[in-house]
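Please walk me through this protein, one piece at a time.

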Amino acid sequence: MVCIVLLLGGHCRAQAEDTKPVFRAGAATSNITPPLGELIVGGWQPIPATNVHDELHARCVVLDDGQTQLAIVICDNVGIPVEVYDLAKQQIHDATGIPASHVLTAATHTHSATTARGPLKTLPETELSDYQKFIAHRISDGVRRALAQLEPARIGWGSIDEPSELFNRRWFVNDASLLSNPFGGIDQVRMNPPRGSSKLDRPAGPTDPEISFVSLQGTDGHPIALLANYSLHYVGGVRSGDVSADYFGYFAKFIGEKLGASDQSPPFVGILSNGTSGDVNNINFPEQTLRKYRSYEKMQEVAEKIASRVYEANQKIDFHDWVPLAAKQANLTLKTRQPTPEMIEYFANITTGDDNDPRRRNSREEIYADRIAKIQTAPKQIKIQLQTLRIGDLGIAAIPFEVFTETGLELKHRSPFADTFTIELANGSYGYLPTPEQHRLGGYETWLGSNYVEKEATTKIVAKLLEMFKTLHQVSPKQ
């Protein structure tokens, strides 16, 4: 409501004039590339970075409906602790007033970025490293710069399927020798079994082919930003020692080119977030003939395919001059899994036993012996952050784990919103999140030291997120 003062016959009176709120959007990127020599994680053993193939970024977008502001930041990293995100959110709030609950921060899970994680996923970070502080500052800078770029905008969202690059990586196999685990036992399923093997039976879970996206444009139609979401793990295929944003970085480049936004001011920002992909990669395991790719070729192929599909769908969506925005954040306490006495004894015999024991020469056993030792010093429970956003009739869930596809599909099916997607590794990084049913099958993602929280965690997380979605959905839009 705007009041206009009029002079009439020497008297003043107020005249009310109805005005509608203006929807605005802004976007920016912050470079978060670390110094060479920092450790790249993603394989069994970290290695130092010796070259930067392509720069890493925190890609930021800010939305404003006239009453509420939301910020979404997707970082090129394998996983970032909650303490780093909390520092960034505090800086954002201090500088802009945007509450922490309205800032969604997440990592892409590229396996060719240097680590921002501490020694154990469930051990609180009490003193941040220089690189962790750097990332927090760059996140907050990016949001502040996106705010400075706010302009009247239109928003639309949609989805399109691209199943050809998605394969569940957990398999039932017909050979017990492929099912051993580092705890001296036998699992029912194997992560990443031998490709083209006659011993393959069937995958242990589904995939989700949907690419969801949110598209932002100025009122004159020029692209501002596009945030997509795809449930595929990293692609890889980098040279040893190279730093790279993987296919997430190439998508950002390709979608800008397809939208004709490569050379504009302010710069267009393309963003690809990681969906529920904890059990999915792009390896077609039954395939007998395997094509050999050059370094970086496969990730570019995947990114090009996804960008092409999103561009195709983007031409058909409805753009809105205004939609309501809302956010909700809640903490959830989860018990952490603890090693059994038998497990502790098993690894003690390995670490203190005969140097000729073949288990001491098996990197898996040594790695998990170290993780089990660290887990014994960690808290018996953790408090995780869950978050939901509302953008019109689109719901976005944020979970701080590597989430199995089944969970993402369940949230889509049960959400009260017409469209829903989930961003994983958001507001923290606590390892894999198998469903209770997948826990019973075993496999790498369920091992203690890959997964850290109670086996019923997925059930509790889904229930809490659906409750949060329901609350946001019931709020009446105000325009």
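How many bridges join β8 to strand β9? Five bridges do, and the two strands run parallel. Strand β9 covers residues 103-107. Before going on, note that this is a predicted model, in which local features need pLDDT of at least 70, side-chain atom pairs count only at pLDDT 80 or more, and totals for chains, interfaces and linings use all residues. Residues are numbered from 1 along each chain as its sequence is written, and side-chain values use heavy atoms, with hydrogens and water left out.

Strands (E, at least two residues) and helices (H or I, at least four) are DSSP runs, numbered from the N terminus. Two strands pair if DSSP finds at least two bridges between them.

Stay with β8. In β9, Leu-104 is the bridge partner of Ile-72. Strand β7 (residues 57-64) also pairs with β8, in the antiparallel sense, over seven bridges. Arg-59 stands opposite Ile-74 in β8, and Val-61 stands opposite Ile-72. The hairpin of β7 and β8 has four residues between the strands. There, Gly-66 takes a positive phi near 100°. Strand β8 (residues 69-75) is largely enclosed by the rest of the structure, because six of its seven residues are buried. Buried means under 20% relative accessible area, exposed means over 50%, and partly exposed lies in between (1.4 Å probe, protein chains only).

Next, step back to the sheet. Eight strands form an open sheet in the order β9-β8-β7-β3-β10-β15-β16-β18, with mixed pairing. At the edges stand β9 and β18 (269-274), each with a single partner strand, so one side of each is left without a neighbour in the sheet. Neighbouring strands here are turned by 20° against each other on average, direction ignored. Helix α2 packs on this sheet and touches β3 (24-31), β7, β8 and β9. Its direction makes about 150° with that of β3. Contact means heavy atoms within 4.5 Å. Angles run from 0 to 180 degrees between N-to-C directions, and axes are lines fitted to C-alpha atoms, for helices over the stretch in contact.

Helix α2 (residues 130-148) has a helix partner too. Helix α1 (residues 82-96) packs with α2 at an angle of about 35°, and their axes are 8 Å apart. Among the residues that meet are Leu-87, Ala-88 and Ile-92 in α1, and Ile-135, Ile-139 and Val-143 in α2.

Move on to another sheet. Four strands form this open sheet in the order β20-β21-β22-β24, again with mixed pairing. Its edge strands are β20 (325-335) and β24 (419-424), and each pairs on one side only. Strand β22 (residues 394-399) pairs with β24 in the parallel sense over six bridges. Ala-397 stands opposite Thr-422 in β24. Helix α9 (residues 457-474) packs on the sheet, touching β20, β21 (381-391), β22 and β24. The direction of α9 makes about 35° with that of β21.

Helix α7 (residues 405-414) lies across β22 and β24, running at about 150° to β24. Which residues of α7 are buried? They are Thr-405, Thr-407, Gly-408 and Leu-411. They cover an arc of only 165° around the axis, which puts them on the same side of α7. The arc is that of the directions from the helix axis to the C-beta atoms. What covers these buried residues includes β22, β24 and α9.

Look inside strand β21 for Gln-387. Gln-387 counts as buried, at 0% relative accessibility. Its side chain reaches the backbone oxygen of Ser-101 at 2.8 Å.

Most residues other than glycine have a negative phi, and most peptide bonds are trans. Asp-246, in helix α3, has a positive phi near 60°. Asp-246 is buried, with a relative accessible area of 1%. Asn-427 also has a positive phi near 60°. Asn-427 sits in the loop between β24 and β25 (432-433) and is buried at 1% relative accessibility. The peptide bond from Ser-265 to Pro-266 is cis, with omega near -5°. Pro-266 lies in the loop between α3 (246-258) and β18.

Conventions:
A polar contact is a pair of N or O atoms within 3.5 Å; within protein, one must be able to donate a hydrogen and the other to accept it, and residues adjacent in sequence count only if both atoms are side-chain atoms.
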